[in-house]
Amino acid sequence: MATIEQLAATLQGLAGPGIKRKELIAAVREKHPKASKKDIVRAAFYALTSTVEGDVERAHRLQDFALSERTAGDGEVPLSVTRRKKDRRRDARRGAQQVH
């Protein structure tokens with residue numbers, strides 16, 4: 001199994017202009033067949049925090065890849081967050097009952 005440093009180095013070498021997310025994952029898996037998608041995304045974040053050799057564009061591409069893959073998940077639908085209105089009348093009734 002490849003280490004995160006090895007995956008990060010591979011990602012840094014492959015993240016070129018115009019490469020799509022799926023192409024990048026496929027290219028990394030050609031060199032590291034046992035690497036999971038989760039490991040590749042972690043390595044992309046690691047590559048961002050380590051030195052990117054002064055190439056700002058490459059860092060932006062790695063960041064875009066890592067963030068988009070992290071939020072995409074593996075076919076999972078993200079949970080929507082909805083806020084319920086608080087029923088203040090019910091809370092007021094509870095408070096009145098506790099006082100008595």
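# Helix packing in a predicted model

Biologist: Is the crossing of α1 and α2 right-handed or left-handed?

Modeller: The model is predicted. Helix α1 covers residues 4-14 and helix α2 covers residues 21-31. The crossing of these two helices is right-handed.

Biologist: How many residues in the contact of α1 with α2 are nonpolar?

Modeller: From α1 come L7, T10, L11 and L14, and they meet L24, A27, V28 and K31 of α2. By class, one residue of this contact is polar and one is charged, while the nonpolar ones number six.

Biologist: Within what arc do the buried residues of α2 fall?

Modeller: The buried residues in α2 are L24, I25, A27 and V28. K22 and E30, on the other side of α2, are exposed. Looking down the axis, the buried residues line one face of the helix, because they fall within an arc of 165°.

Biologist: Now α1 and α3. How are they oriented to each other?

Modeller: Helix α3 spans residues 37-49, and its axis lies 8 Å from that of α1. The two pack at an angle of about 75°. Angles from 65 to 115 degrees belong to one class, so α1 and α3 are roughly perpendicular.

Biologist: How many charged residues are in the contact of α1 with α3?

Modeller: On the α1 side are I4, E5, L7, A8, L11 and Q12. They meet D39, I40, R42, A43, A44, Y46 and A47 in α3. The classes are nine nonpolar, one polar and, for the charged residues, three.

Biologist: Is L62 buried or exposed?

Modeller: L62 sits in helix α4, residues 56-72. Leaving aside neighbours within four places in sequence, its contacts are L11, Q12, A15, A44, A47 and L48. Under 20% relative accessible area counts as buried. The value for L62 is 0%, so L62 is buried.

Biologist: How far apart in space are L62 and L48, C-alpha to C-alpha?

Modeller: L48 is among the residues in contact with L62. The two are 14 residues apart in sequence. In space, their C-alpha to C-alpha distance is 6.9 Å.

How values were computed: Residues numbered from 1 in each chain as written. Predicted model: local features only at pLDDT ≥ 70, side-chain atom pairs only at ≥ 80, totals over all residues. Heavy atoms only, no water. Axes fitted to C-alpha atoms, helices over the stretch in contact; angles between N-to-C directions. Helix = DSSP H or I, 4+ residues; strand = E, 2+ residues; numbered from the N terminus. Left-handed = near helix turned anticlockwise from the far one by under 90°. Contact = heavy atoms within 4.5 Å. Nonpolar A, V, L, I, M, F, W, Y, C, P; charged D, E, K, R; others polar. Buried < 20%, exposed > 50% of the residue type's maximum accessible area, 1.4 Å probe, protein only. Arc of directions from axis to C-beta. Parallel < 35°, antiparallel > 145°, perpendicular 65-115°, else oblique.
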